[in-house]
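These exercises are worked through in steps. Try each task before reading its solution.

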Amino acid sequence: MPPVIGIDLGTTNSLVAVMRDGEPVVVADERGRKLVPSVISVGERDVMLVGDLARHRMVAAHDRTVFSVKRFMGRSIEDVREELALLPFAVTGEESGPVRIRLFDRDYTPPELSAFILRELKRRAEAFLGGEVKQAVITVPAYFNDAQRQATKAAGFIAGLQVLRIVNEPTAAALAYGLSNRDSGVVAVFDFGGGTFDISILRIEDGVFHVLSTNGDTHLGGDDIDQALMRRLLSRVEEGFRSDPEVLQALREEAEAAKRRLSEEEETAFLASVPGKIDLRLPLTRAELEEIMRPIVDRTREPCERALADAGLRREEIDEVLLVGGSTRIPMVRRLVREVLGREPRAEIDPDEVVAKGAAVQGDILAGGTTDLLLLDVTPLSLGIEGFGGVMNVLIPRNSTIPASVTESYTTAVDGQTAVVIHVLQGEREIAAENRSLARFQLPVDPMPAGLPRIEVEFLIDADGILNVTARDLRTGKGQTVEVVPSHGLTEEEILAMVEEGIEHGEEDMARRFLVEARTELDIVLNAARKAVAQAREAGLAEERIEKYGQQIAWLAEEREGDDHARMRLALKLFNEQTRDVAAAIMERTVKMALAGRKLEEA
Ligand code: AMP
């Protein structure tokens with residue numbers, strides 16, 4: 001059974017866990033360190049340094065070192081404007097394309113940079129397991145969107161890992177605690193790390209996890225506490241050295257270390273010295289630190305309350321509270337959790353390791369080791385059919401859990417149509433022709449005016465990923481079914497490429513789709529208007545008006561040939577306004593006739 005490793009790819013630190021004798025264990029490096037700082041630095045002769053080696057260069061080689069890459073995964077330059085002001089490295093990118101991060105003399109995409117960290121984790125796991133590792137489960141925050149998840153998958157791919165599943169971090173924490181074995185329950189996961197704070201509320205139902213709500217602050221964490229403590233101590237430093245990088249680095253490091261010691265002890269000695277610049281020695285108590293960090297810790301309160309409100313729950317309805325992230329070791333943080341979420345939080349599993357361990361548990365399930373947990377799979381690409389004008393109509397969106405089934409109703413676009421073509425497609429593009437064609441078949445329909453036939457299309461995808469498409473004419477009851485295996489013949493690479501293309505062409509595809517839709521709408525109106533000419537005459541409209549109506553139709557038909565969907569819609573609106581009198585006359589006659597008909601019936 002080839003191993004599937006579990007990876008927590010974090011903003012500040014990353015970890016890898018594997019299964020040993022049925023238990024997840026976090027892999028340490030040769031020196032016993034389990035956390036790999038998520039930092040990358042270009043060293044001598046362009047050697048890439050990752051983790052602790054890179055972190056130590058953050059000050060001395062700041063122009064050759066990047067960190068917090070997770071903040072840029074799957075984002076465009078527009079998305080990350082806020083981050084840019086806070087981080088020291090150069091980030092570029094076209095408006096809606098992925099960003100590039102400048103590292104020394106080259107630009108990298110975020111997945112390329114994350115891949116350096118993943119390679120290091122892969123290497124550690126291989127050294128520990130004594131064999132090659134090819135497959136992984138990687139965790140992401142519950143609020144990550146599709147592009148961010150895909151970027152994470154791409155990072156794995158670049159690092160030579162097949163990413164079997166992207167798992168939400170809070171779900172991984174719950175898996176590590178074995179909570180999927182509960183039949184049902186509500187779990188709150190309080191994740192307070194170095195740079196980010198997340199609160200997630202999950203509902204477990206029959207071993208399936210649903211994220212009910214998430215909230216948090218992407219710029220709140222232990223680093224803020226270190227900063228606050230550091231600023232307080234800066235007053236003890238001679239003015240001339242207050243912005244000296246070496247002094248600041250020494251203060252920051254000791255601030256973090258003292259903060260950690262005060263999670264265990266009531267009092268500590270703050271010691272920071274840089275020969276010739278500073279030599280600080282002073283006592284620091286937990287009470288003093290708490291006073292400094294209270295405003296920071298308090299900022300976790302409101303997101304928790306909002307998450308509860310969004311989930312529509314009272315805190316009494318939470319069954320378990322789990323702690324994730326190094327900063328949840330702080331006693332003051334635990335007091336707040338108890339108070340706000342109303343439960344004693346669980347912390348038996350090291351809060352730094354719990355997410356990676358959960359990822360390893362999920363990996364083991366996928367590898368076939370643990371079988372008592374429900375295995376859920378998702379569709380890697382959207383499935384749908386070709387609609388009017390060649391657009392893609394999605395029935396089962398990408399990432400839907402399978403089995404799944406969806407039914408939608410359609411009708412015809414042309415009068416007297418005797419058959420409809422059901423063209424089954426797979427992919428993320430808005431235009432049918434740009435997607436992968438899976439099947440195409442014809443369904444005969446009874447000829448009728450456009451818009452009247454009712455055709456039902458059902459997509460049913462079973463647990464093995466086999467898709468059954470059934471189309472049925474509801475009037476005649478006649479139907480047809482085809483069966484396809486959507487993932488057949490597609491490699492992971494091809495799936496990734498298709499998803500990336502979807503993101504890349506998103507805007508241009510949308511414009512094409514709008515155009516097609518506007519044209520289709522104009523066609524329907526033109527079709528009806530041409531028929532209405534005769535009806536207008538029967539309704540007794542002046543010949544002059546009917547002639548004008550003909551000109552108005554011709555004008556709209558001309559507009560239909562344009563390539564600006566907004567202009568087309570405007571034309572349609574104008575046409576409708578300017579021909580309202582014709583429509584009203586026809587309507588009046590129809591109503592009169594209907595009433596006359598009723599009278600006849602009654603008589
Ligand atoms: P993470 O992002 O989960 O790796 O969390 C790292 C953060 O947790 C850093 O800000 C650390 O300073 C903080 N941290 C780790 N251990 C402790 C501790 N014992 N007491 C207080 N903070 C800690």
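**Exercise 1.** How far is an oxygen atom of the ligand from an N or O atom in the side chain of Asn13?

Solution. Step 1: note the basis. The model is predicted, so local features need pLDDT of at least 70 and side-chain atom pairs count only at pLDDT 80 or more, while totals for chains, interfaces and linings use all residues. Residues are numbered from 1 along each chain as its sequence is written, and side-chain values use heavy atoms, with hydrogens and water left out.

Step 2: read the distance. For Asn13 it is 2.9 Å. This falls under the term polar contact (a pair of N or O atoms within 3.5 Å).

Step 3: list further contacts. The side chain of Thr12 has an N or O atom 3.1 Å from an oxygen atom of the ligand. At Ser327, a polar backbone atom lies 3.2 Å from a ligand oxygen.

Step 4: look at the cover. On its own the ligand has 500 Å² of accessible area (Shrake-Rupley method, 1.4 Å probe), and the protein covers 90% of this area.

**Exercise 2.** Describe the shell of residues around the ligand.

Solution. Step 1: count. The ligand is surrounded by 16 residues (each with a heavy atom within 4 Å). The closest are Gly194, Glu256, Lys259, Ser263 and Arg329.

Step 2: sort by class. One residue of the shell is nonpolar, nine are polar (Gly is put in this class) and six are charged (Asp, Glu, Lys or Arg).

Step 3: assign to elements. H7 gives the most to the shell, with four residues.

Step 4: assign to domains. Domain 1 (4–220 + 299–376) and domain 2 (222–296) each provide at least three residues of the shell. The domain bounds come from an automatic or database assignment.

**Exercise 3.** Which strand supplies the largest share of the lining of the largest cavity?

Solution. Step 1: define the term. A cavity is a set of points on a 1 Å grid where a 1.4 Å probe fits but cannot get out, and lining residues have an atom within 4 Å of a point.

Step 2: count and size. There are four cavities of 30 Å³ or more, and the largest holds about 70 Å³ of space.

Step 3: find the strand. S14 supplies three residues, the largest share. The lining includes Asp198, Ile199 and Ser200.

Step 4: sort by class. Six lining residues are nonpolar, three polar and three charged.

Note on methods
1 Å grid on protein atoms, 1.4 Å probe; cavity = no way out; pocket = protein on both sides within 12 Å on 5 of 7 lines; lining within 4 Å. Points joined across faces, edges and corners; volume = space filled by probe spheres on them. Helix = DSSP H or I, 4+ residues; strand = E, 2+ residues; numbered from the N terminus. Polar contact = N/O pair within 3.5 Å; in protein donor to acceptor, adjacent residues only side chain to side chain.
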